[in-house]
Amino acid sequence: MEAAASDPCPSLSDGAISVFDDALLDESRPGARRPESPFTPADSWIGVRQEILDERRSRFRLEPTVHCEWRRDVAAPGALYVLADAALGWEALHAVGRDEFVVTSNLHLDFATPVAMDSTLLIDQVHVVAVSDHGVLVVADIVDEPGRRVALATARFAIVAKNSKNAGPVGQEQAGAGSGLQRTRNRSDDGNAVSELFDLRLLATATGDADTFTYAVLARPELRNDRGGMHGGVAAMLGEHAAAHALSELRSGSNYRSVESRAVFVRPVPAHGGVLECTVRVLHHGRRQAIITTSLLDDRGRVAVEVSGVFARTDA
């Protein structure tokens, strides 16, 4: 699968933790973004674009690409994470001092309707709710072009100094590394576009207090930001999709829809082309809803991104 062409623009993400820096507005810098471009290399794969209106204002939109198709003509709900990470992070950046930047601590999405593949999604009514020692809290509506609400997005961004170690490259010394899992030994997935994007492969299942599914996933370099880490919104999208896949394995023949999803970013994930492990725990699945958590692990087996979600049954 070849990467879609993308503009050689500076990164606004740092691994699974996104980083936003207003120096990127300086068009005299080599590689500065043009007035309209993907935010990062990963954004071009998902379909997020940014139009800079002036030094303070910017317009973001999502036009789902073929890589986002979850069911026929329906995009993966987690694709909205990529849009929210970019747009709400931009607002958070402009709420802090010029010697500071922000990193994403968590993202929360409440879904109102499914996302059609042929839709264009926009950020509307974005507000910085609070700036404190606990970070920058930002909320926004995600709407379609006619103005109908598709989701409500909430995000919290930690405030860090520009000379923080978080500004450095992510995992470049580990290029080509991975967890040691062998994709070639694993059963192929269902073949939908999102599973193919992450090369999602089911390794093992277990039962107990929670039904557990262990997956191998590919940390594609194409899903990186320019710092070499996996885009934060993409990592959250992966977590939401793995949960949906596990639920379909467990409740084959039943239809569920994601209605709420929250991602917590613990540490960066290198996008080195290696294989990582993803563990899904189905804490509850009943007649009306399912509650699921997904843990994306780094090369050392540590939790890097934790995604929790609520799925509503649509055929009950």
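When I say contact today, I mean heavy atoms within 4.5 Å. Keep that in mind, please, and also that this is a predicted model.

With that in hand, let's start at Ile 46. What is Ile 46 in contact with, once we leave aside its neighbours within four places in sequence? The list runs Leu 62, Glu 63, Pro 64, Thr 65 and Cys 68, then Ala 79 and Val 82, and finally Leu 197, Val 234 and Met 237. Ile 46 also turns up among the residues with the most contacts inside the largest nonpolar core, together with Leu 80, Met 237 and Leu 296. That core has 75 residues, and helix 2 gives the most to it, with eleven.

Okay, zooming out for a second. The protein has 316 residues, and 54% of them count as buried. Its secondary structure comes to four helices and 17 strands. If you take the contacts with a separation of 6 or more, 68% of them are between residues 24 or more positions apart.

Helix 2 covers residues 79-93, helix 4 covers residues 232-250, and they pack at about 155° with their axes 7 Å apart. So helix 2 is roughly antiparallel to helix 4, since angles over 145 degrees get that label. The crossing of the two is right-handed.

Who does the touching there? On the helix 2 side you have Ala 79, Tyr 81, Val 82 and Asp 85. They meet Gly 232, Gly 233, Val 234, Ala 236, Met 237 and Glu 240 in helix 4. By class, that contact has six nonpolar, two polar and two charged residues. And to tie this to where we began, Ala 79, Val 82, Val 234 and Met 237 are among the contacts of Ile 46 too.

Next, a strand residue. Ala 140 lies in strand 10, residues 135-144. Is it buried or exposed? Ala 140 counts as buried, because its relative accessibility is 1% and the cut-off for buried is under 20%. Not counting residues up to four places away in sequence, Ala 140 touches Leu 88, then Ile 123, Asp 124, Gln 125 and Val 126, and then Ala 151, Leu 152 and Ala 153. Leu 88 is 52 residues away from Ala 140 along the chain, yet their C-alpha atoms are separated by 7.5 Å.

Asp 73 is in the loop between strand 5 (69-71) and strand 6 (74-75). Its phi is near 70°, a positive value in a residue other than glycine. Asp 199 has a positive phi as well, near 45°, and lies in the loop between helix 3 (193-198) and strand 12 (201-206).

Last stop, Gly 273, in the loop between strand 14 (256-265) and strand 15 (275-285). Gly 273 is partly exposed, with a relative accessible area of 32%. Beyond its neighbours within four places in sequence, Gly 273 is in contact with Leu 218, Ala 219 and Pro 221. From the C-alpha of Gly 273 to that of Val 217, 56 residues apart along the chain, the separation is 9.9 Å.

That's my tour, thanks.

Key:
Residues numbered from 1 in each chain as written. Predicted model: local features only at pLDDT ≥ 70, side-chain atom pairs only at ≥ 80, totals over all residues. Heavy atoms only, no water. Axes fitted to C-alpha atoms, helices over the stretch in contact; angles between N-to-C directions. Parallel < 35°, antiparallel > 145°, perpendicular 65-115°, else oblique. Left-handed = near helix turned anticlockwise from the far one by under 90°. Nonpolar A, V, L, I, M, F, W, Y, C, P; charged D, E, K, R; others polar. Core = buried A, V, L, I, M, F, W, Y, C linked by side-chain atoms within 4.5 Å. Buried < 20%, exposed > 50% of the residue type's maximum accessible area, 1.4 Å probe, protein only.
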